Protein chains: 2
Amino acid sequence: MFDIIILAIGKIREDYFAEAAGEYLKRLKPYARIEMVELEPAPFNSSNKEKAKRLEAEKILNYLEKYSDSQIFILHERGKSFDSQDFAKTLEGVNRRTIFVVGGSLGFDGSILGKNWPKLSLSPLTFPHEMARVVLLEQIYRAATIVKGKDYHY
Amino acid sequence: MFDIIILAIGKIREDYFAEAAGEYLKRLKPYARIEMVELEPAPFNSSNKEKAKRLEAEKILNYLEKYSDSQIFILHERGKSFDSQDFAKTLEGVNRRTIFVVGGSLGFDGSILGKNWPKLSLSPLTFPHEMARVVLLEQIYRAATIVKGKDYHY
């Protein structure tokens with residue numbers, strides 16, 4: 001059974017993406033202990049984006065301190081790309097809690113990107129962070145059905 | 001102004017993906033003539049998937065006959081990958097109607113894949129075809145804002 005935390009910045013504001021995320025969280029119940037943790041985003045305007053990114057990074061690092069024994073992945077469009085089968089194998093191979101860190105609308109500060117955590121890419125395309133969470137959840141669900149050998153055709 | 005048809009198989013069944021698609025179609029109005037054409041999927045069971053795929057391919061080819069002067073792209077997970085800037089440049093460079101063909105839950109028949117049309121990949125990951133349409137629409141919207149030099153931060 002997967003044991004997963006999705007650590008994200010901010011709530012999903014669009015109802016449709018929030019509902020899609022909720023649907024995949026529900027479908028995942030038989031396969032995973034899974035939790036979406038939404039840290040408060042730092043307020044910003046055009047002149048202090050870098051500072052806001054640093055503040056968000058501090059919150060992320062602070063949260064992760066308690067989970068230094070977990071497998072941490074950073075979601076990043078220029079990270080390692082993989083297909084759904086590879087992703088299922090990767091998830092299956094982790095024997096401890098897995099934490100996926102999804103950035104906010106500002107992206108990640110260098111203090112996160114400079115860490116030694118593997119970076120995974122859902123796509124070379126830039127996604128809104130809310131949509132990225134839906135895509136990630138759908139892939140985790142797909143991975144669960146691949147691992148269980150279940151038919152999931154879409 | 002973009003002039004785009006998204007040619008897809010079947011309706012979007014999940015309300016949340018249908019709403020997300022509707023939202024991006026609405027946001028695209030100032031930037032594009034864009035239409036989503038949904039062809040009827042062929043009914044299938046486990047024993048006649050190949051036949052259903054062929055029937056869907058015939059419908060797609062039949063529709064496209066009227067648009068032989070358009071730029072046709074096939075969406076396929078093993079197609080050419082690109083980032084959002086490249087995608088915007090590609091769309092901007094097309095001086096005629098652009099048609100994106102998105103497969104149904106069965107994927108594409110060889111009679112489509114064997115054509116000379118360029119294949120584009122939104123991600124090496126396998127997406128549900130309904131989610132693929134949302135991702136495609138979001139990227140078209142992003143491309144429109146990139147071309148217009150508009151700020152669209154997510």
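Two strands pair if DSSP finds at least two bridges between them, and strands (E, at least two residues) and helices (H or I, at least four) are DSSP runs numbered from the N terminus. What you're looking at is a predicted model, where local features need pLDDT of at least 70, side-chain atom pairs count only at pLDDT 80 or more, and totals for chains, interfaces and linings use all residues. Residues are numbered from 1 along each chain as its sequence is written, while chains are lettered from A and ligands numbered from 1 in the order in which they are written.

**View 1. The sheet of chain A, with β1 in focus.** Five strands make an open sheet in the order β2-β1-β4-β3-β5 of chain A, with parallel pairing. At its edges sit β2 (32-39) and β5 (119-120), each pairing on one side only. Strand β1 (residues 2-9) runs parallel to β4 (residues 98-102) over five bridges, and A:Leu7 stands opposite A:Val101 there. On the β2(A) side, β1(A) is held by eight bridges, again parallel; here A:Ile5 has A:Glu35 as its bridge partner. Six of the eight residues of β1(A) are buried (20 or more other C-beta atoms within 10 Å of a residue's own; 12 or fewer is exposed, in between is partly exposed, with C-beta atoms placed from the backbone).

**View 2. Helix α1 of chain A and its buried face.** Buried here are A:Tyr16, A:Phe17, A:Ala20, A:Ala21 and A:Leu28. Seen down the axis, they fall within an arc of 135°, so they line one face of α1(A) (the arc is that of the directions from the helix axis to the C-beta atoms). They pack against β2 and α5 (129-147) of chain A, together with α1 (15-28) of chain B.

**View 3. Around A:Leu75 in the core.** The largest nonpolar core has 80 residues, and A:Leu75, A:Phe100 and B:Leu136 are among those with the most contacts inside it. Such a core is a set of buried Ala, Val, Leu, Ile, Met, Phe, Trp, Tyr and Cys residues joined through C-beta atoms within 7 Å. Neighbours within four places in sequence aside, A:Leu75 is in contact with residues including A:Phe100, A:Val101, A:Leu120 and A:Leu136 (contact puts the two C-beta atoms, placed from the backbone, within 7 Å).

**View 4. A:Asp109, tucked into a loop.** A:Asp109 is found between β4 and α4 (110-113) of chain A. It is buried, with 20 other C-beta atoms within 10 Å. Its C-alpha atom is 9.1 Å from that of A:Ala52, 57 residues apart along the chain. Beyond its sequence neighbours within four places, A:Asp109 is in contact with A:Lys53, A:Arg54, A:Glu56 and A:Ala57.

**View 5. Helix α5 of chain B and what follows.** At 1.5 Å a residue, the 20 residues of α5 (residues 129-148) of chain B should span 28 Å, and the 29 Å between the end C-alpha atoms agrees. Of those 20 residues, 16 are buried, so α5(B) is largely enclosed by the rest of the structure. Just after α5(B), B:Gly149 takes a positive phi of about 70°.

Technical notes:
Expected span 1.5 Å × (residues − 1).
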